[in-house]
Amino acid sequence: MITAIIQIDSLEKIQNFVGIISSYRGKMELISGCSRVNARSIMGIFSLDISQPLCLNIYDDEQAACICQAISSFLISDERKAGIASPFIPHTSL
């Protein structure tokens, strides 16, 4: 699993993001605080606090690089804005 930090803070950005994400297979979810929603669900995304950066969990490691490249315009690369050290957080299984 890979976690990317993204910003989708407008209706247009949400529609574009969902259009891109929907063209890929596999499980992807967006997380804001303690809320988790399907990344392909426009209604689910509207239930999140989109004024803040969101975490995108991508569970298909084989497609993760392609997905991240496709959504590169939504990725947050400014560490100060995101409050993290990197826009990508790789996860390893134990």
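Guide: With the term core. A nonpolar core is a set of buried Ala, Val, Leu, Ile, Met, Phe, Trp, Tyr and Cys residues joined through side-chain atoms within 4.5 Å. Buried means under 20% relative accessible area, exposed over 50%, and partly exposed in between, with a 1.4 Å probe and protein chains only. In this chain, the largest such core has 24 residues, and I6, I8, F17, L30 and L56 have the most contacts inside it. At least two core residues come from each of β1 (2–6), α1 (11–21), β2 (28–32), β4 (54–58) and α3 (61–70). The top contributor is α1, with four residues.

Visitor: What kind of model is this, and how are its residues numbered?

Guide: This is a predicted model, in which local features need pLDDT of at least 70 and side-chain atom pairs count only at pLDDT 80 or more, while totals for chains, interfaces and linings use all residues. Residues are numbered from 1 along each chain as its sequence is written, and side-chain values use heavy atoms, with hydrogens and water left out.

Visitor: How many helices and strands are there in the chain?

Guide: Helices (H or I, at least four residues) and strands (E, at least two) are DSSP runs, numbered from the N terminus. The chain has four helices and five strands, in the order β-α-β-β-α-β-α-α-β from the N terminus.

Visitor: Which residues is F17 in contact with, leaving aside its neighbours within four places in sequence?

Guide: Contact means heavy atoms within 4.5 Å. With those neighbours left aside, F17 contacts I6, I8, L30, A39, I45, L56, I71 and F74. For the chain, take the contacts with a separation of 6 or more: residues 24 or more positions apart account for 66% of them. Buried residues are 37% of the 94 in the chain.

Visitor: How do I read the sides of a helix such as α3, and which of its residues are buried?

Guide: An α-helix has 3.6 residues a turn, so residues three or four places apart point the same way. In α3, the buried residues include A64, I67 and C68. Because they cover an arc of only 95 degrees around the axis, they lie on the same side of α3; the arc is that of the directions from the helix axis to the C-beta atoms. Exposed residues E62, A65 and Q69 are on the face turned away from the buried side. At the start of α3, the backbone nitrogen of E62 has a side-chain oxygen of D60 within 3.1 Å.

Visitor: How many salt bridges does a search of the whole structure find?

Guide: A salt bridge is a side-chain nitrogen of Lys or Arg within 4 Å of a carboxyl oxygen of Asp or Glu. The search finds two. One joins K13 to D9, with the closest N and O atoms 3.0 Å apart. K13 is partly exposed at 34% relative accessible area, and D9 is partly exposed at 39%. The other joins E29 to R36, with the closest N and O atoms 2.5 Å apart.

Visitor: Is E29 buried or exposed?

Guide: E29 is buried, with a relative accessible area of 9%, whereas R36 is exposed at 53%. E29 is located in strand β2. Not counting residues up to four places away in sequence, E29 touches R36, V37, A39, C55, L56, N57 and Y59.

Methods. A polar contact is a pair of N or O atoms within 3.5 Å; within protein, one must be able to donate a hydrogen and the other to accept it, and residues adjacent in sequence count only if both atoms are side-chain atoms.
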